[in-house]
Amino acid sequence: MTSKKKRKRSTVERPTIHPRNKYSDNPPDFGLLASSIRHSNPSSSTLVTVGLESTWTDFNATRELTRVLLLHDHALNWWIPDGQLCPTVPNRSNYIHWIEDLLSSDILTNTNADGHGDIVRGFDIGTGANCIYPLLGASLLGWSFVGSVTATGYGRFCSVIEIHRCVGRSGCRSDVTDVALEWAERNVKNNPQISDLIEIRKVDNGEERSNGQLVDGESGTHLYDIEAIKAEPAPLGSLKLHSDVNKSYHGPPVLLGVVRDGEKFDFCMCNPPFFETMEEAGLNPKTSCGGTPKEMVCPGGEEAFISRIIQDSLQLKQSFRWYTSLVGRKSNLKILISKLREVGVTIVKTTEFVQGQTCRWGLAWSFMPPSRKIISSHVAEKNVLSFTLEGLQRKYSAIHVLESVESFFCSAGASSKSNASAFTIDITASNDHCDTILKNELRNVDEPAACQYKQVMSNASCCSHLPLNDLSFRISVFQQIPGTLLVRGSLQHKESPAAGLFMLFIFSVV
Ligand SMILES: C[S@@+](CC[C@H](N)C(=O)[O-])C[C@H]1O[C@@H](n2cnc3c(N)ncnc32)[C@H](O)[C@@H]1O
């Protein structure tokens with residue numbers, strides 16, 4: 001029985017590509033690509049053959065494949081120097097399309113970044129020499145981007161062996177040069193059709209002293225002006241919520257101190273330095289995507305880096321509609337979701353990116369109010385309505401929600417009977433009680449919602465005084481996963497279509 005179950009689970013296919021990904025229905029035509037590479041650059045044909053045979057152990061073949069895919073399928077001119085992290089185009093596109101899904105969903109109120117008309121504005125944390133996300137986002141979807149790059153990164157934190165290996169392996173001297181800045185800018189400039197959409201922003205070089213002050217790595221002099229220091233996030237203690245095993249980030253600024261005063265973005269995205277050491281980064285010998293210590297490694301790894309994004313987001317709040325990051329380890333995803341719940345974000349979303357043998361996760365959160373939608377009257381006439389409350393702090397359980405529902409109705413004079421073990425509450429409200437509740441609540445809700453409600457009521461040929469006898473309904477609250485509650489209301493008997501409207505309205509204000 002158990003073995004059967006196991007077998008069944010292992011054969012379930014996980015989606016590997018977003019349905020809007022260019023390569024979803026049309027995987028790259030390697031034959032065509034190879035012949036066009038041979039035609040344009042005969043000396044590279046052997047390298048491509050290596051790639052075609054799926055021996056992805058050759059950096060040059062991987063880079064050539066990326067170059068050709070970007071050129072043929074996206075009309076992008078692109079290159080990176082030896083040893084820099086080489087992106088795989090279909091995988092990187094999946095993250096872009098997931099963000100597109102978040103932006104087009106009606107989870108949040110749908111306002112664009114201020115002052116940029118209809119153009120979606122994104123921030124790519126650590127765009128790197130390859131600048132892949134801004135290039136893809138701008139060419140596929142016309143989005144504008146700020147892509148941040150650090151100059152010296154974590155040279156101080158990489159062991160001497162790692163730096164030697166980096167220099168020896170590829171000739172790259174990322175510890176002392178601005179390779180990322182130089183090549184990110186080149187990759188933008190070489191694509192004039194989208195270059196106006198992309199700004200490469202250098203993150204000031206700085207390293208954090210143990211006392212938290214930012215100093216120049218070489219001279220020891222203070223590097224940041226007063227504004228930047230003020231922008232430093234709250235002490236890490238505020239995020240050390242579970243235990244002292246939380247990893248802390250020490251490095252250049254991430255969002256705070258890089259995002260300018262008054263700037264607004266629709267989203268930020270990040271493919272963070274996943275690893276704590278180059279040894280860890282080199283664990284997968286099957287890939288040949290390159291990557292220098294500066295790109296791959298950060299003290300505390302991805303947990304520390306993404307925790308810093310969370311901390312920064314706590315201060316920047318609604319400067320971004322969505323904060324997002326890739327996460328490389330499921331165990332870290334769980335830790336990060338708990339942190340988000342504890343700091344009280346309004347919503348958390350996750351997704352899984354299956355990339356060949358590797359799995360990555362997408363994590364998104366927001367401080368924007370979730371959109372409160374008044375639904376059409378035919379939906380309002382339903383007997384059962386439900387919605388979920390997401391991103392709740394752990395201290396708010398189903399019982400708290402039931403208690404506040406009960407006190408809401410009782411304060412208007414309605415009677416209630418709760419069943420704590422079934423997590424339900426039965427409400428009976430007279431015509432007068434309903435009237436009182438409506439009058440109070442129409443005053444409290446925001447103007448557009450109240451107007452829509454009145455309009456729905458008048459379309460249903462009702463006046464604000466509901467033609468009801470006693471209205472009875474049951475509210476049940478279920479915990480789905482920690483932090484997410486499903487709230488369901490069901491009419492016990494329905495005397496008129498307006499009963500459903502009343503329920504709908506109560507749901508939209510409770
Ligand atoms: C894993 S690489 C991702 C590069 C590129 N976005 C991609 O997906 O291929 C992480 C990048 O973040 C950069 N980085 C690390 N700390 C940073 C910081 N505080 N601000 C900006 N970039 C940073 C690294 O230098 C590196 O280029």
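**Exercise 1.** How many residues does helix α5 have, and how far does the helix reach from its first C-alpha to its last?

*Solution.* This is a predicted model, in which local features need pLDDT of at least 70 and side-chain atom pairs count only at pLDDT 80 or more, while totals for chains, interfaces and linings use all residues. Residues are numbered from 1 along each chain as its sequence is written. Helices (H or I, at least four residues) and strands (E, at least two) are DSSP runs, numbered from the N terminus. Helix α5, residues 89-104, has 16 residues and reaches 23 Å, close to the 22 Å expected at 1.5 Å a residue, where the expected span is 1.5 Å times one less than the number of residues.

**Exercise 2.** Determine whether N191 is buried or exposed, and locate its contacts.

*Solution.* A residue is buried if 20 or more other C-beta atoms lie within 10 Å of its own, exposed if 12 or fewer, and partly exposed in between, with C-beta atoms placed from the backbone. N191 counts as buried because it has 22 C-beta neighbours inside 10 Å. N191 is found in the loop between α8 (179-189) and β3 (198-203). Leaving aside neighbours within four places in sequence, N191 is in contact (C-beta atoms, placed from the backbone, within 7 Å) with L76, N77 and L135.

**Exercise 3.** Describe how β7 pairs with β6 and with β9.

*Solution.* Two strands pair if DSSP finds at least two bridges between them. β6 and β7 pair in the parallel sense over 3 bridges, with F265 opposite F320 in β7. β7 and β9 run antiparallel and are joined by 5 bridges, and the bridge partner of T324 is A364 in β9.

Note on methods
Two residues are in contact if their C-beta atoms, placed from the backbone, lie within 7 Å.
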